[in-house]
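Me: I'm new to this one and would like to go through it with you. Here it is.

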Amino acid sequence: VIRLPYYWKDLVNIDTISVQLQPIGAHQDIIIKRWDEEKIYLQAKGGMPIDCYYLLIGERLDIPDLKAEEQIDS
């Protein structure tokens, strides 16, 4: 289980959360089983213990969406 910071509930759109997993030591067939506002639930093949690094990214709710730069013809 990855516990999300308590303030993410009000700061990040839960539907935009992206998780990058990097297994430590050996391939573990890690998947994200499910998620909610407080936790990301992981599962490994055969119920093996999970040992990994992770990176969480999500879209903030308190700032406007970023706009891609428009191409201007010269």
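Me: Which residue in E4 is the bridge partner of isoleucine 2?
Reply: Isoleucine 40 is the partner. Strands here are DSSP runs of E with at least two residues, helices are runs of H or I with at least four, and both are numbered from the N terminus. This is a predicted model, where local features need pLDDT of at least 70, side-chain atom pairs count only at pLDDT 80 or more, and totals for chains, interfaces and linings use all residues. Residues are numbered from 1 along each chain as its sequence is written, and side-chain values use heavy atoms, with hydrogens and water left out.

Me: In what sense do E1 and E4 pair?
Reply: Strand E1 (residues 2-3) and strand E4 (residues 39-43) pair in the antiparallel sense, over two bridges. Pairing requires DSSP to find at least two bridges between the strands.

Me: And how many bridges join E3 and E4?
Reply: Four, also antiparallel, with E3 covering residues 31-35. Arginine 34 has tyrosine 41 of E4 as its bridge partner. Three residues lie between E3 and E4 in their hairpin.

Me: New topic: what does isoleucine 17 touch?
Reply: Leaving out residues up to four places away in sequence, isoleucine 17 touches Leu4, Trp8, Val12, Ile40, Ile57 and Gly58. A contact means heavy atoms within 4.5 Å.

Me: What about the whole protein: how many helices and strands?
Reply: One helix and five strands, in the order β-α-β-β-β-β.

Me: Why is it called more spread out than a compact globule?
Reply: Because its radius of gyration is 17 Å, well over the 11 Å that the globule rule gives for 74 residues. That radius is taken over C-alpha atoms, and the rule is 2.2 Å times the number of residues to the power 0.38.
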